[in-house]
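Student: I am new to this structure. Please show it to me, and let us work through it in short steps.

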Amino acid sequence: MYTSQSTTAYGGGGGYTNSPGVDSPKKGGAKNAGVSVIPVTLKLLLEATKDFSEETFKIDGKEVNQVTFVGMITKVWEQEHSIHYMFHDCTAEMEVVLWLDSQEGMNLGDGEASQKFAVGTYVRVYGALRSFADRRTLTSYRMYALTSMNELTHHMLEALFVHLHNQRGPIPGQPMDNFNQQGTAAPGGNQGQGDITEQVKNVLRQNQGENGLTVDEIVGFIPHFTWEDVNAVVQFLQSESTIYPGSDESHWKIIDGI
């Protein structure tokens, strides 16, 4: 049985930065626009510090605003204007609150945002850390169920990479221009077969159908790259708000003019 907000010996990976530039997903509403989204683990969120005189949380002295994590739902309960989830990500456990009205500017009244997920579902969560009476929760402005467990692996590696990069600096010999503004290595920086990121973007530009393309369909256009590599690029482009969901969460379209 899980203990509320407990941590495990496995925890410790996770990332954060104080650099702007990676925008929140556009479905989050105006309040979240232009704010960096940081990949984290729940253990890092529970260990974040906050001074009484400050509104934002910090990890090792750096502000943490909007964050994203991937975890499994262990409990669900509903209230009049919100759905509450208990999540575990193998590092810790935390409650996530999804508002069903416009509180805190979330505007989550319909569609994907108000979808109720079942216990045992692996979900990606975007949101902001909150604290009340010494209890920490995450207020979510977007959630979606994973379509591939590769996304869980990718997120944990990304969170660990960003955390170590900010703690210890870049890998010796790693060109700095292969890092985005979060300090995360841009996918495809050294693939030896051309820039995979640009190739994925070109495929999406040239195939702007009504539904968008799945990762499998993108791989069909550039089969010299693996599914895992292409999926990593898709997640990277999503985090930068370069692409957005098409007909569903497994189809992707690129923003015009990018």
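Student: Is Arg 135 buried, partly exposed or exposed?

Tutor: Buried means under 20% relative accessible area, exposed means over 50%, and partly exposed lies in between (1.4 Å probe, protein chains only). Arg 135 has a relative accessible area of 31%. Therefore Arg 135 is partly exposed.

Student: What kind of model is this, and how are residues numbered?

Tutor: Residues are numbered from 1 along each chain as its sequence is written, and side-chain values use heavy atoms, with hydrogens and water left out. Local features need pLDDT of at least 70, side-chain atom pairs count only at pLDDT 80 or more, and totals for chains, interfaces and linings use all residues, as this is a predicted model.

Student: Which residue does Arg 135 meet in a salt bridge?

Tutor: A salt bridge is a side-chain nitrogen of Lys or Arg within 4 Å of a carboxyl oxygen of Asp or Glu. Here the N to O distance is 3.2 Å. The partner of Arg 135 is Glu 95.

Student: How many residues apart are Glu 95 and Arg 135?

Tutor: Helices (H or I, at least four residues) and strands (E, at least two) are DSSP runs, numbered from the N terminus. Glu 95 sits in strand E6 (residues 93-99), and Arg 135 in strand E8 (residues 135-145). The pair links distant parts of the chain, and the separation is 40 residues.

Student: Why are Lys 43 and Glu 47 separated by about one helical turn?

Tutor: Their side chains meet in a salt bridge at 2.5 Å, N to O. Both belong to helix H1 (residues 42-47). They are about one turn apart because their spacing along H1 is four residues.

Student: How much space lies in the largest cavity?

Tutor: A cavity is a set of points on a 1 Å grid over the protein atoms alone, where a 1.4 Å probe fits but cannot get out. Points are joined across faces, edges and corners, and volume is the space filled by probe spheres set on them. The largest cavity holds about 110 Å³.

Student: Which helix gives the most to the lining of the largest cavity?

Tutor: Lining residues have an atom within 4 Å of a point. Twelve residues line this cavity, and Gln 235 and Ser 239 are among the closest to its centre. The top contributor, with four residues, is H5.

How values were computed. On a 1 Å grid over the protein atoms alone, a cavity is a set of points where a 1.4 Å probe fits but cannot get out, and a pocket is an open set with protein on both sides within 12 Å along at least five of seven lines; lining residues have an atom within 4 Å of a point.
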